[in-house]
Amino acid sequence: MTGTEKELILLGLFFVVAVNEDSAVVSGAVLSYHHVFPPWQPFIACFLGMWTSDFLVCAVSRSGGQKLLGARWIRRFVSPPRVQRASTLFEKYGGFATVFSRFVLGTRTALLVASGLLKYPVHKFLAVTLVGALGWFFLIYSLFNFFGLPATAIFGFRWLAALTMMLFGGTLAAFLAARSKKRASLLRRSQDRQT
C-alpha cells in the first residue's frame, strides 16, 4: 500500500467517524490489529474526527438552537423556566453524562445537542468530550488487543442492548405518561367536585 493510499484511509476514518462512529473506530482498531498502521495513526485520525464532529454538533445546536427555543410554537412545549432548570441540571451533571454517553449507544448525539442548546461552557465541553473520547478509544483498542477480531462481536451486542433499552424504555415512558395523564384527570375531577 502506498503512502497516499494510507493517507486517504486515515482521512476517511477522520470523516467517517462523524457519520458512523462504531464503524470507523472498529475499522481503525482492525487496521492496527493487522499491522496495516501503527496503532497511534488510526487512533489519532478517529479521535480528531470524533472530537471535531462533537464540537460541530454542539456549536450548531448552540447557535441555531437558541432561536428554535425562542420560537412561540416551541415555547408551548418547553417553557423558559424549564429550559433554565434544565440548564442548571446540565451545568451540574452534564459533564459526567457527556463522558459516559460515549459508552451508551444512542445517548451521545442527544447530549451533544443538549449541551449546545443549554449553553454548556465550551471549555468544559471540550474537556469532557476529550476525556470521553479518549476513554472510549482506549477501551476499544484494549479489547482488540486482548481478544483480537472476536472483539467486533461486542458491537453487535451493544446494538442489541441499545435496541432492547429503547423498546423497553419507550414502552415504560408511554405507560408512565398515560398513568400521569390519568392521575391528572382524576385530580381535576376531584377538584371540580369540591368546588
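1. Basis. This is a predicted model in which local features need pLDDT of at least 70, side-chain atom pairs count only at pLDDT 80 or more, and totals for chains, interfaces and linings use all residues. Residues are numbered from 1 along each chain as its sequence is written, and side-chain values use heavy atoms, with hydrogens and water left out.

2. Confidence. The protein chain has a mean pLDDT of 77 (the predictor's confidence in each residue, from 0 to 100). Of its residues, 76% reach 70 or more. Helix H4 (residues 72-75) is lowest, at a mean of 63. H1 is highest, at 87. Helices are DSSP runs of H or I with at least four residues, numbered from the N terminus.

3. Helix H1. H1 spans residues 3-19, 17 residues in total. From first C-alpha to last it reaches 25 Å, close to the 24 Å expected at 1.5 Å a residue (1.5 Å times one less than the number of residues). Its buried residues are Leu10, Leu13 and Val17 (buried: under 20% relative accessible area, 1.4 Å probe, protein chains only). An α-helix has 3.6 residues a turn, so residues three or four places apart point the same way.

4. Asp54. This residue lies in helix H3 (residues 40-70). Asp54 is buried, at 0% relative accessibility. Beyond neighbours within four places in sequence, Asp54 contacts Arg102, Arg108, Leu112, Phe125 and Thr129 (contact: heavy atoms within 4.5 Å).

5. Thr129. Helix H7 (residues 122-147) holds Thr129. Thr129 is buried too, with a relative accessible area of 2%. Neighbours within four places aside, Thr129 touches Trp51, Asp54, Thr98 and Leu112.

Terms used:
Helix = DSSP H or I, 4+ residues; strand = E, 2+ residues; numbered from the N terminus. Buried < 20%, exposed > 50% of the residue type's maximum accessible area, 1.4 Å probe, protein only.
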